[in-house]
Amino acid sequence: MRKGIYILPNALTLCGMFLGFYAILASFKGSFIHAAWAILIANIFDGLDGWVARLTHSTTKFGIELDSLSDLIAFGVAPAVLLYGWSLHYFGRFGWGAAFLYVMCGALRLARFNVQMGSAESKAFTGMPIPGAATIATSSVLFYHEMWGSLGGKNYLILALIFVLAILMVSTLRYHGLKEIDPKRRKPFWILVVFVIVLVLVAMHPENMIFIFAMCYMLWGIIENAVMFYKKRRPNTASST
């Protein structure tokens, strides 16, 4: 700390934290759509701060800790408050219990990530990353509003989704992230084409496509880990027979 801190990556981190704080205030006011968009935009700043830190070789212990605190506010507390105000409060004690479970599992996920930094969790994530869980949670609000309008009562799918996201965050399932992509290395041409197609689809129908891609990310992790588990068990089963 005596040598100072890197301004740019930490400023980007604080921008994400600010958007999380704004999302909490917007949820208190009942502006759930604004809150959901604020959390999704915080995702962009969360990706940028890590990318800038790696490209400029300005990754520090201070930045990692600040990033985790920002993530807990923007992707832990803010989505939980948003979903409680939008839907979970209809379930009474089960509702606030589910919201707290989401925050608690998010905090545990972040603590485990910091402990595993530089060792087990060098590329892929162990458990669903909290920004991914927040994207699924908040995009479900936008998707529901786009398709059916305002929520008028209990929705058991939303309640179940919160429990699933909480469990996935503290699970040991492997999930991929953007940090696995090395921008300095050449990639196949079709990856650029797919990137442009995804960008156009999101620009045309952001509420629907963000939710669809987010759900695909969640399901892809579950399916990939199920296939890996099956392949690991297959030789043992064959040898035992």
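**Helices and how they pack**

Hi everyone, let's start with two helices: α4, residues 93–116, and α6, residues 156–170, pack against each other at an angle of about 20 degrees, with their axes 8 Å apart. Please keep in mind that this is a predicted model. Angles under 35 degrees count as roughly parallel, so α4 and α6 are roughly parallel to each other. The crossing, as α4 passes α6, is left-handed.

Which residues of α4 and α6 meet? On the α4 side we have F94, A98, L101, Y102, C105, G106, L108, R109 and R112. Facing them from α6 are L159, I162, F163, L165, A166, M169 and V170. Sorted by class, that α4 and α6 contact holds 13 nonpolar residues, one polar and two charged.

Now let's move to α3. Helix α3 covers residues 61–86, which is 26 residues. From first C-alpha to last, α3 reaches 36 Å, close to the 38 Å expected at 1.5 Å a residue. Where does α3 have a kink? Look at A78, shortly before the proline P79: the kink there is about 30 degrees.

The partner to look at next is α5, residues 130–148. The axes of α3 and α5 come within 9 Å and cross at roughly 30 degrees, and that makes this pair roughly parallel. Their crossing is left-handed. From α3, the residues in the contact are D71, F75, G76, P79, L82, L83 and W86. By class, the α3 and α5 contact has 11 nonpolar residues, three polar and one charged.

Last stop: α1 and α2. Helix α1 runs over residues 7–28, and helix α2 over residues 32–55. With 24 residues, α2 reaches 35 Å between its first and last C-alpha, close to the 34 Å expected at 1.5 Å a residue. Just after α2, H57 takes a positive phi of about 55 degrees.

Are α1 and α2 roughly parallel or antiparallel? Their axes come within 8 Å and cross at roughly 165 degrees, which makes α1 roughly antiparallel to α2. This crossing is left-handed. The contact residues of α1 include L8, P9, L12, C15, G16, L19 and Y22, and those of α2 include F32, H34, A35, I39, F45, L48 and D49. The residues of the α1 and α2 contact divide into 18 nonpolar, four polar and one charged.

Terms used
Residues numbered from 1 in each chain as written. Predicted model: local features only at pLDDT ≥ 70, side-chain atom pairs only at ≥ 80, totals over all residues. Heavy atoms only, no water. Axes fitted to C-alpha atoms, helices over the stretch in contact; angles between N-to-C directions. Helix = DSSP H or I, 4+ residues; strand = E, 2+ residues; numbered from the N terminus. Parallel < 35°, antiparallel > 145°, perpendicular 65-115°, else oblique. Left-handed = near helix turned anticlockwise from the far one by under 90°. Contact = heavy atoms within 4.5 Å. Nonpolar A, V, L, I, M, F, W, Y, C, P; charged D, E, K, R; others polar. Expected span 1.5 Å × (residues − 1). Bend = angle between axes of the 7 residues up to and from the residue.
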